[in-house]
Amino acid sequence: MGMASKIALGCGGLVVLVLVVLGLTGVGSYNSLNSLNQAVEAQWGQVENVYQRRADLVPNLVETVKGAAAFEKETFMAVTEARAKVGQVSAGKAPSDAASLARFQQAQEGLGSALSRLLVVVEKYPDLKATQNFRDLQAQLEGTENRIAVERMRFNQAAQAFNTKRNSFPTLIVAGFLGDRFRDKAYFKAQAGAETAPKVSFQ
């Protein structure tokens, strides 16, 4: 075997070795992204579960309050409309971009705001606040709001783990070849005005 043949064979072997390493790197990056993507989707399912639990409490809460506060129709309509909007934006799978997540979050904040107004109305009716049924519903709603905060935090953590991996080298290159399948994940943001503490006044 001549010297030129040995050099060609050596170069061919090196090219094959480089291709094998690149292939394994690509497969490893893809599998890692896929695993982290599934974790984001699973956590999104948890987020939707707790928001759905809150939406399921709304009809019972409205019916309980209606009996004592029948003339507060605007408040009941606001809650019902906000709940309907929530149903329209539920995706079933994690939103693929920041705008979709913002629409979901805005609808959920609308329902949260309407529920807050409903609970303010209840303050005028001490007899209603004293009923066991209302107290049970209120406790369930408070517990659900706490779970929502926890699941949103966990979603953001899963999204951060995905984004960190997706934007690291060499995974960034692999993700670029895969197009929209492995786009950056959006994060839940604090509600507008949350950075300003409310003024408390005792008069």
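Student: Why is Gln108 called buried?
Tutor: Its relative accessible area is 3%. Buried means under 20% relative accessible area, exposed means over 50%, and partly exposed is in between (1.4 Å probe, protein chains only). With 3%, Gln108 is therefore buried. Keep in mind that this is a predicted model, where local features need pLDDT of at least 70, side-chain atom pairs count only at pLDDT 80 or more, and totals for chains, interfaces and linings use all residues. Residues are numbered from 1 along each chain as its sequence is written, and side-chain values use heavy atoms, with hydrogens and water left out.

Student: What makes Leu36 partly exposed?
Tutor: Leu36 has a relative accessible area of 22%.

Student: Which residues does Gln108 contact, beyond its neighbours within four places in sequence?
Tutor: Tyr51, Arg54 and Val86. Contact here means heavy atoms within 4.5 Å. By that test, and again skipping residues up to four places away in sequence, Leu36 touches Ala161, Phe162 and Lys165. The C-alpha atoms of Leu36 and Lys165 are separated by 8.4 Å, although these residues are 129 apart along the chain. Glu48 and Glu151 are 9.0 Å apart, C-alpha to C-alpha, and 103 residues apart in sequence.

Student: What makes H2 roughly antiparallel to H3?
Tutor: Two packed helices are described by the angle between their axes and the distance between the axes. For H2 (residues 73-89) and H3 (residues 98-122), the axes come within 8 Å and cross at roughly 160°. Axes are lines fitted to C-alpha atoms, for helices over the stretch in contact, and angles run from 0 to 180 degrees between N-to-C directions. Under 35 degrees counts as roughly parallel, over 145 as roughly antiparallel, 65 to 115 as roughly perpendicular and the rest as oblique. Roughly 160° is over 145, so H2 is roughly antiparallel to H3.

Student: Which residues meet where these two helices touch?
Tutor: Among them, Ala78, Val79 and Val86 in H2 meet residues of H3 including Gln108, Leu115 and Leu118. The residues of this H2 and H3 contact divide into 13 nonpolar, three polar and four charged.

Student: What makes a group of residues a nonpolar core?
Tutor: The group has to be buried Ala, Val, Leu, Ile, Met, Phe, Trp, Tyr and Cys residues joined through side-chain atoms within 4.5 Å. The largest such core has 21 residues, and Leu61, Val65, Val79, Leu115 and Leu118 have the most contacts inside it. H1 (3-68), H2, H3 and H5 (132-166) each supply at least two residues of this core, with the largest share, seven residues, coming from H3. Another core, of 18 residues, lies apart from it and includes Val40, Ala94, Phe162 and Ala186.

Notes: Helix = DSSP H or I, 4+ residues; strand = E, 2+ residues; numbered from the N terminus. Nonpolar A, V, L, I, M, F, W, Y, C, P; charged D, E, K, R; others polar.
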